[in-house]
Amino acid sequence: MLDGNARLNLATFVGTWMDEHADRLYAESFDKNMIDKDEYPRTAAIETNCWLMLADLWHAPSADGAIGTSTTGSSEACMLGGLAFKRNWQNARRAAGKSTDKPNLVMSSAVQVCWEKFCNYWDVEARYVPITDEHKVLDGYELEKYVDENTIGVVAILGVTYTGMYEPVQQIAAKLDEIQEKTGLDIPLHVDGASGAMIAPFIQPDLVWDFRLERVHSISTSGHKYGGVYPGVGWVVWREEKWLPEDLVFKVSYLGGEMPTFALNFSRPGAQIILQYYLFLRDGFEGYREIQQNNQDVALFLSSGIAKLPAFELWNDGSDIPVFAWQLKPGHTKNWNLYHLSDRLRMKGWLVPAYPMPDNLTDLTVQRIVVRNGLSMDLAAELLADI
Ligand SMILES: Cc1ncc(COP(=O)(O)O)c(C=O)c1O
C-alpha cells in the first residue's frame, strides 16, 4: 500500500501490467518449475519455441543452428554470455599452450551493474572505456588501446541503462575487424540488448546490430522489459551452437530423461516463460511493432516538451529505445537541481530518478524517463504540466 504506483514508475524498465488473460494464465501456471522439463514437456517446448523465435528475429543464419535458453532476467543472460566467452577463450589459449591467468572483458563505463558483477564473481578483469562528451557511448574509438590477447570479448549495449542510447554495434564490429587485420586477435561481441533487442527489430529494422554481424556471438534481452512480461524472465541466444562450449552444459538424469541445462539456478518459475509465449502469439510481430512505436511517439513527445523548457538540455531524445535523459542547463539556477525536481515530482506520484553519470562524466547529473506500455499521451501531457 505504501509502495509507489507502478504505472507512474518511470524509473523502471520492467513490465508492471499484463492483460487479464495473461493474469489468469499466470495464476494457472504458478506451479510450473522450469527445470522439470521431463515432467512439464510442453512448458519446455514453449521455452524452446520462444528462443527459436528470438534467434529468427535477431537474424541468426539458421534458427536451427542457434542455441538459446530462458534466464532469470538479463543479468543471468549476460553472465551466461560472459561465461561462454571466458570458456571459449580458455579452451583456445590452452590448446595454444598459453596462459589463462588474466582474462579481461572490454566494455563501456556505462554498463549495467550485472557486468561488474560478472567480472567480480568470475575473476575477469573489467576494462572500462570511459564515456565522454565527444564519445557518449562505446563507439570503437581507441578500442585498440583496451583489447589484447587476454580479451575474452567486448560487450556492446543496445540501449544504455543511463540514457537509452544505442551503441553502434556495426561500427564496433568494424573496428574489431580492423584490429584483427592488424594484430590477428579475433575478439567476439556480445550484445546486451536488455531493452533494445526487443525494440530495434520492430521499429528500427534497418539498423544492423544483431547476428547479421558474424562477430556477434551472443545476444541477451529481458523478456520482462520491452518483452512485456512481469518480472522474472530473460533470454540469451548464441548465433551458432559452437559458441556455447559444451563443457558448460550439464546433463542431469535425476528428474527423468536426460536434460541439458546451462543456468546459474536449478529451480525457477516457468510461468513467465509461458507468459512470454502468450504475448508472442497474441501480439505477433505487428502487435509488438505498434506497442513499441507508440512508446517511441510518447518518448519523443515528452523529450521535445522538456527540450522547450528553458531550464533543461536534452542528453538524448528517446529515438533509440523510448528512454531519454536530460540535464539542468549549466548556469540556469543555483536555487534547485534535478534531485529537487525528482523529489517534487514524487509528491505528485511520479517516480523520475536523477543520478550522476558514470566515468568520465561523474560530475554530470541527469534525470531519466523510461516510457513503457501504459504511459499514454494523456498521462505524458499531465507529467509535462507537472514538470
Ligand atoms: C543494459 C542492461 N543490461 C542488463 C540489465 C539487467 O537486467 P535485469 O534487470 O533483467 O537483470 C539492465 C537492467 O536495467 C540493463 O539496462
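Predicted model: local features only at pLDDT ≥ 70, side-chain atom pairs only at ≥ 80, totals over all residues.
Which residue in E13 is the bridge partner of Trp326?

**View 1. A sheet of seven strands with mixed pairing.** The strands of this open sheet follow the order E1-E7-E6-E5-E4-E2-E3. Strand E1 (67-71) and strand E3 (125-129) stand at the edges, and because each has a single partner strand, one side of each is left without a neighbour in the sheet. On average, and with direction ignored, neighbouring strands of this sheet are turned by 20° against each other. Strands of a sheet pair through backbone hydrogen bonds, and this pairing can be either parallel or antiparallel.

**View 2. Strand E1, its partner E7 and the helix that packs on them.** E1 pairs with strand E7 (residues 234-238) in the antiparallel sense, and the pairing extends over five bridges. Within this pair, Thr71 stands opposite Gly234 of E7. Helix H2 (residues 41-57) packs on the sheet, where it touches both E1 and E7, and the direction of H2 makes about 120° with that of E1. In the loop between H2 and E1 lies His59, a residue that has a positive phi of about 60° although it is not a glycine.

**View 3. The kink in helix H7.** Helix H7 comprises residues 271-308, and while a straight helix of 38 residues would span 56 Å at 1.5 Å a residue, H7 spans only 44 Å between its end C-alpha atoms.

**View 4. Helices H2 and H7 packed at an angle.** Two packed helices are described by the angle between their axes and the distance between the axes. For H2 and H7 the angle is about 50°, and the axes are 9 Å apart. That angle makes H2 oblique to H7, and the crossing in which H2 passes H7 is left-handed. On the side of H2 the contact is made by Thr43, Ile46, Glu47, Asn49, Cys50 and Met53, while H7 contributes Ile273, Ile274, Gln276, Tyr277 and Phe280.

**View 5. Helices H1 and H7 crossing.** The axes of helix H1 (residues 20-28) and H7 come within 9 Å and cross at roughly 150°. Angles over 145 degrees count as roughly antiparallel, and H1 and H7 are therefore roughly antiparallel to each other. The crossing of H1 and H7 is right-handed. Here Ala22, Leu25 and Tyr26 of H1 meet Ala271, Ile274, Leu275 and Tyr278 of H7.

**View 6. An open sheet of four strands with antiparallel pairing.** The strand order in this sheet is E10-E11-E13-E12, and its edge strands, E10 (312-314) and E12 (354-356), each pair on one side only. Neighbouring strands of this sheet are turned by 40° against each other on average, direction ignored. Strand E11 (residues 323-328) and strand E13 (residues 365-370) pair in the antiparallel sense over four bridges. The bridge partner of Trp326 in E13 is Gln367, which answers the opening question. Helix H7 lies across E10, E11 and E13, and runs at about 140° to E10.

**View 7. A cis peptide bond between Asp359 and Asn360.** The bond that joins Asp359 and Asn360 is a cis peptide bond, with omega about 0°. Asn360 is found in the loop between E12 and E13.

Key:
Residues numbered from 1 in each chain as written. Pairing = 2+ DSSP bridges. Helix = DSSP H or I, 4+ residues; strand = E, 2+ residues; numbered from the N terminus. Axes fitted to C-alpha atoms, helices over the stretch in contact; angles between N-to-C directions. Contact = placed C-beta atoms within 7 Å. Expected span 1.5 Å × (residues − 1). Bend = angle between axes of the 7 residues up to and from the residue. Parallel < 35°, antiparallel > 145°, perpendicular 65-115°, else oblique. Left-handed = near helix turned anticlockwise from the far one by under 90°.
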